[in-house]
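Hi,

Here is the structure I said I would pass on.

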Amino acid sequence: MVHCPDCGTTLTEAADIDFTETDAEMGFIAASKRFYTASCAACGTTIGSGVAGAKAGGAGGGAV
Ligand SMILES: [Zn+2]
């Protein structure tokens, strides 16, 4: 079970966590990865971040 380090809210459901996807908008990220940050739905503190649906080196997908 996860607790918000800032406000102490117990985060038990997805609704308690505000996921924000960042579609590689930051300039220093050239790869077509989708990053997300997980924030507390109560106070907005960023709890963690990661890569959603990562395609290693952009090798996935297949030809179009
Ligand atoms: Zn919080």
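Below is what I found, starting with the whole chain and then going residue by residue.

Two bits of housekeeping. Residues are numbered from 1 along each chain as its sequence is written. This is a predicted model, so local features need pLDDT of at least 70 and side-chain atom pairs count only at pLDDT 80 or more, while totals for chains, interfaces and linings use all residues.

**The chain overall**

The protein chain has 0 helices and 5 strands, running β-β-β-β-β from the N terminus. Both kinds of element are DSSP runs numbered from the N terminus: helices are H or I with at least four residues, strands are E with at least two. Of its 64 residues, 2% count as buried. For burial, the count is of other C-beta atoms within 10 Å of a residue's own, with C-beta atoms placed from the backbone: 20 or more is buried, 12 or fewer is exposed, and in between is partly exposed.

As for contacts (two residues whose C-beta atoms, placed from the backbone, lie within 7 Å), take those in the protein chain with a separation of 6 or more: 31% of them are between residues 24 or more positions apart.

The mean pLDDT (the predictor's confidence in each residue, from 0 to 100) is 74 for the protein chain, and 61% of its residues reach 70 or more. Over residues 59–63 the pLDDT is below 50, and this stretch has 2 contacts in the model beyond near neighbours in sequence. Where pLDDT is low, the predicted coordinates should not be read in detail. Strand β2 (residues 10–11) has the highest confidence, at a mean of 88, and strand β3 (residues 17–22) the lowest, at 80.

**Cys 40 and what it touches**

Cys 40 sits in strand β4 (residues 34–40). It counts as buried because it has 21 C-beta neighbours inside 10 Å. Leaving out residues up to four places away in sequence, Cys 40 touches Cys 4, Asp 6, Cys 7, Thr 9, Leu 11, Thr 45 and Ile 47. Gly 8 is 32 residues away from Cys 40 along the chain, with 9.6 Å between their C-alpha atoms.

**Leu 11**

One of those partners, Leu 11, belongs to strand β2. Leu 11 has 17 C-beta neighbours inside 10 Å, so it counts as partly exposed. Apart from neighbours within four places in sequence, its contacts are Val 2, His 3, Cys 4, Asp 16, Ile 17 and Cys 40.

Beyond four places in sequence, Asp 16 is in contact with Thr 9, Leu 11 and Ala 41. Asp 16 and Cys 40 are 24 residues apart in sequence, and their C-alpha atoms are 6.5 Å apart in space.

Cheers
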